[in-house]
Amino acid sequence: MTEKEELELFASGHRACAGCGEGTAVRQILKVAGPNTIATICTGCLEVVSTGYPETAWEIPLIHAAFENSAAVAAGVEVALKELGRKEGVNVIAFGGDGGTFDIGFQALSGMLERGHDITYICIDNEAYMNTGIQRCSSTPYGASTTTSPTGKYSIGESRPKKPIAAICAAHGIPYTATANIAYINDLKKKVKKALETEGPAFLHVFAPCPTGWRHGSDDTIEIARLAVETGVFVLYEIIDGDICNLNVTVKPKKRKPVEDYLKRQRRFGHLTKEDIAKIQQEVDEKCDRYGLPKRE
Amino acid sequence: MTVKITLGAINKEHGSSRKYKTGGWRTVCPVVDLEKCISCYRCYDYCPDAAIKKIENGIEYDLDYCKGCGICSKECPVKAIVMVKEEK
């Protein structure tokens, strides 16, 4: 491990809940990016926990933008650096939560990708608006109970499937798109490195469980993140030059675990009946067949 | 506490969140058995709060910041870390 890797650019003392996957994700991402990085963040858990004025957990220059324009502000930073002739050796990273990427910041993100700025956009996905009290988002998976998609006699919880954000971003024809997971740190670091080395826009979708919103123990965070990959719920892949037909699955479980192993660990899915789980299993099986993942055990 | 607000709320003090000790949130405390530890540093990598330091032949906790989430204990491949109830 190099000296650069030992630097903690995301300082202790941030207010993330105990066992928050976001802390692990940002720490590891900044270890790869190093101190020559300028970051922007939009509103979301990450901003709330790390920049409570007058304190900040960041050791790198950071601009806090509004909810919808992390990508737009990063685009401004990148253009200004180029204009001043100081872009060489400087990484520009735009961070966003799932709300600020999938829903509210989507037009700014799409615009940034289309204009071809040399920016790495990193979406840290915990599958709902967690810091305002667990409201559903277009990243919330089918069947999850949230405060605005509550379960009950006539409701299964969230009734719509998760938006395939990485595929949508890849469809812009950008040079590098990848999905990553905090349980697979080496894979995550490799992808961050590739994304930063890419000339032009890169998009990274990082899966990070939330103990508060998903209703699991704070010590289960990494295990649940790993189960998402082992069951095929979240597939780790990368797409080069937006060639969606030619995606490369980077982590292939030898044998896929049943999706129930992942669902039953979280209380947001606690209300699902056997039939509901069978339906989710069928959808996951179909998806995994498309990605060429192995059959279920 | 009075907080001085700078122009544009610019904060020049990087990493100042370290002033706030999150260790007070803890209800269970990690204890490492260095004889069992194989220095794989998996706990170090997964810790969300950067509360684990690498030392020769193992790790050391910074209990000022450890929130007691228990990820390190659960992910330890040789079960060298146990969580014990915090004493007042």
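1. A cavity, on a 1 Å grid over the protein atoms alone, is a set of points where a 1.4 Å probe fits but cannot get out, and residues with an atom within 4 Å of a point count as its lining. Grid points are joined across faces, edges and corners, and a volume is the space filled by probe spheres set on the points. With these terms, a search of the whole structure finds 2 cavities of 30 Å³ or more.

2. On the basis of the note: this is a predicted model, in which local features need pLDDT of at least 70 and side-chain atom pairs count only at pLDDT 80 or more, whereas totals for chains, interfaces and linings use all residues. Residues are numbered from 1 along each chain as its sequence is written, chains are lettered from A and ligands numbered from 1 in the order in which they are written, and side-chain values use heavy atoms, with hydrogens and water left out.

3. The largest cavity holds about 100 Å³ of space. It is lined by 17 residues, of which Cys47(B), Pro48(B), Cys66(B), Cys69(B) and Cys72(B) are the closest to its centre. Helices H1 and H2 (71–75) of chain B each supply at least two residues of this lining; helices (H or I, at least four residues) and strands (E, at least two) are DSSP runs, numbered from the N terminus. By class, the lining of the largest cavity divides into 13 nonpolar, 2 polar and 2 charged residues, where Ala, Val, Leu, Ile, Met, Phe, Trp, Tyr, Cys and Pro count as nonpolar, Asp, Glu, Lys and Arg as charged, and the others, Gly among them, as polar.

4. For the second largest cavity the volume is about 80 Å³. Cys37(B), Cys40(B), Cys43(B), Cys76(B) and Ile81(B) are the closest to its centre among the 13 residues that line it. That lining comprises 12 nonpolar residues, 1 polar and no charged.

5. Arg215(A), with phi of about 60°, is found in the loop between helix H9 (211–214) and helix H10 (221–230) of chain A, and at 39% relative accessibility it counts as partly exposed. Ala50(B), with phi of about 50°, lies in the loop between helix H1 (42–46) and strand S2 (52–55) of chain B, and at 9% relative accessibility it counts as buried. Here buried means under 20% relative accessible area, exposed over 50%, and partly exposed in between (1.4 Å probe, protein chains only).

6. The peptide bond between Tyr53(A) and Pro54(A) is cis, with omega of about 5°. Pro54(A) has its place in the loop between helix H3 (45–50) and strand S2 (62–64) of chain A. In the loop between H3 and S2 of chain A there is also Glu55(A), which forms a salt bridge with Arg15(A), the closest N and O atoms being 2.9 Å apart. Arg15(A) lies in the loop between helix H1 (3–6) and helix H2 (21–33) of chain A, so the pair ties together parts that are 40 residues apart in sequence. Glu55(A) is buried, at 17% relative accessible area, whereas Arg15(A), at 31%, counts as partly exposed.

7. Over all chains the count comes to 28 salt bridges, a salt bridge being a side-chain nitrogen of Lys or Arg within 4 Å of a carboxyl oxygen of Asp or Glu. One of them joins Glu59(A) and Arg18(B), with the closest N and O atoms 2.6 Å apart. This pair crosses between chains, from the loop between H3 and S2 of chain A to the segment before strand S1 (28–32) of chain B. Both partners are partly exposed, Glu59(A) with a relative accessible area of 25% and Arg18(B) with 30%.

8. Glu230(A) and Lys257(A) meet through their side chains in a salt bridge (3.0 Å, N to O). Glu230(A) lies in helix H10 of chain A and Lys257(A) in the loop between strand S10 (248–249) and helix H11 (260–263), so the pair ties together parts that are 27 residues apart in sequence. Lys257(A) is partly exposed, with a relative accessible area of 28%. Separately, a network of salt bridges links Asp219(A), Asp220(A), Glu223(A), Arg265(A) and Lys74(B).

Key. 1 Å grid on protein atoms, 1.4 Å probe; cavity = no way out; pocket = protein on both sides within 12 Å on 5 of 7 lines; lining within 4 Å.
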